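Open your viewer and keep the selection tool at hand. This tour says what to pick next and what is there.

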Amino acid sequence: MNVFATLGCRIFQKGLYLASLFLPFRLPEEIEGADALAVKLGEMGLRKPLLVTDRSLHALGMEKKFLEAFRARGLDYALFFEVDPNPTFSMVEKGYAVYRDEGCDCLVALGGGSAMDAAKTLSIRIAYPQKDLTSFKGILKVHRKLVPLFAIPTTAGTGSETTLAAVIINDATRDKFQIDDPKLIPLGAVFDPTLLGGLPPHIIASTGMDALTHAVESFIGHSNYRQTKKDALEAIRLIHEHLLPFYKTPRDEMEARAMQRAAFLAGAAFTRSYVGYVHALAHSLGGTYNVPHGLANAVLLPHVLKAYGKSVYKRLAYLSDMLGLLDKTHAKKERAEAFIRYVEELNAAMGIPEYFENLVKEEDIVALARHAAKEGNPLYPVPKTMNAKELEIVLRSSLK
Ligand SMILES: [Fe+2]
């Protein structure tokens with residue numbers, strides 16, 4: 001990217017960084033288990049939560065223990081389980097009808113990204129019953145107080161239980177867009193490691209690598225705060241210690257809880273410090289070929305880190321030192337390369353390929369890179385700015 005374009009990006013990012021110092025960022029309260037959630041709702045004077053979840057989790061009966069805990073603590077509840085992957089306006093409207101007709105007073109989202117996205121958007125619909133949801137597209141468009149939202153993650157990766165973002169699709173136009181507002185950060189994140197017990201290893205691998213990508217991209221970016229750096233580093237340390245053991249023993253609740261914490265901290269880091277071109281390219285591939293988000297990130301992460309070159313040597317060398325990968329007497333470049341190798345080996349140990357094989361069509365590459373450049377620039381405070389042409393080269397390096 002040329003000097004002037006880079007300068008434009010950096011000025012934009014600095015402005016956003018300074019503005020965000022005044023935003024009401026907060027972390028959700030960490031709540032341990034179903035009973036503690038029911039107690040919390042009671043303490044807050046809430047009496048009827050709407051539990052929002054998706055069809056597949058409902059089919060497994062995942063919400064049962066929470067509903068039982070509500071009952072045991074004398075709370076009434078309603079259930080909405082018609083969330084499908086990639087939630088839409090019409091799903092939100094259906095959920096709103098249940099919320100209104102049942103006279104609920106708060107939301108509990110149980111699931112991965114989709115249930116959380118649906119519940120976050122639903123909280124906007126409740127505060128603004130008449131307004132077109134499209135008008136909330138973008139940053140800081142929510143001005144009213146939202147109903148309390150509690151999030152129960154059923155995977156350890158997206159960090160959606162701690163982020164300010166909701167992704168939603170307008171079914172009429174098929175426009176998929178993001179709503180970003182600190183008001184969307186859940187009031188509480190509820191952790192129950194038993195919910196993760198049935199996860200297949202490949203999901204543990206891809207969601208865990210999504211969390212690692214959040215932590216690494218926020219740590220190497222230009223918009224760090226002391227707290228986000230601390231959260232990202234702690235997330236990386238936890239992932240280093242627990243992802244592979246969790247992958248190998250999916251029913252180990254201690255490992256599951258450690259990975260839940262890692263995903264939560266990584267989410268807290270990137271919701272303030274952003275992600276980078278790994279996510280921009282992963283979203284491109286996800287949108288066009290439906291590649292699972294975590295898997296796309298996992299494959300892309302080493303390739304993008306290599307493309308950042310010397311702009312990330314210092315930060316990656318720091319990560320290598322923290323994990324004790326290479327003696328500190330080695331040059332920064334070597335220690336940075338050791339960290340990239342570490343990511344490659346972690347991928348390989350969990351059966352994640354080094355390249356996307358027979359996935360990307362040659363005629364799509366230019367559009368994919370353009371899409372990623374549009375998402376990343378000027379928003380993401382990446383260590384080294386790249387234009388569509390440069391991102392095309394990075395994307396090609398990940399293909400086989
Ligand atoms: Fe992600």
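**Before you start.** This is a predicted model; local features need pLDDT of at least 70, side-chain atom pairs count only at pLDDT 80 or more, and totals for chains, interfaces and linings use all residues. Residues are numbered from 1 along each chain as its sequence is written, and side-chain values use heavy atoms, with hydrogens and water left out.

**Stop 1: two domains.** Colour residues 29–196 as domain 1 and 198–397 as domain 2. These bounds come from an automatic or database domain assignment. The domain centres, taken over C-alpha atoms, are 27 Å apart.

**Stop 2: the interface.** Select the residues where the domains touch: 19 in domain 1 are in contact with 22 in domain 2. Contact means heavy atoms within 4.5 Å. About 1700 Å² is buried between the domains, and carbon and sulfur atoms give 60% of that area. Buried area is the accessible area (1.4 Å probe) that two parts lose on being put together, summed over both. Now pick Ala156, Pro193 and Leu196. They supply 32% of the area that domain 1 buries against domain 2, more than any other three residues.

How many salt bridges cross the interface of domain 1 and domain 2? The rule finds three. It asks for a side-chain nitrogen of Lys or Arg within 4 Å of a carboxyl oxygen of Asp or Glu.

**Stop 3: the iron ion.** Which residues coordinate the iron ion? Select Asp210 (OD), His214 (NE2), His279 (NE2) and His293 (NE2), at 2.1 to 2.2 Å. Donors are N, O and S atoms within 2.8 Å of the metal (3.2 Å for Na, K and Ca); water is not among the atoms, so sites may look incomplete. In sequence, the donor residues follow the spacing D-x3-H-x64-H-x13-H. Show the helices next. Histidine 214 lies in helix α7 (residues 201–220) and histidine 279 in helix α10 (residues 277–289), so the pair ties together parts 65 residues apart in sequence. Helices (H or I, at least four residues) and strands (E, at least two) are DSSP runs, numbered from the N terminus. Buried means under 20% relative accessible area, exposed over 50%, partly exposed in between (1.4 Å probe, protein chains only).

**Stop 4: cysteine 106.** Go to strand β4 (residues 106–111) and pick cysteine 106. Cysteine 106 has 0% relative accessibility, so it counts as buried.
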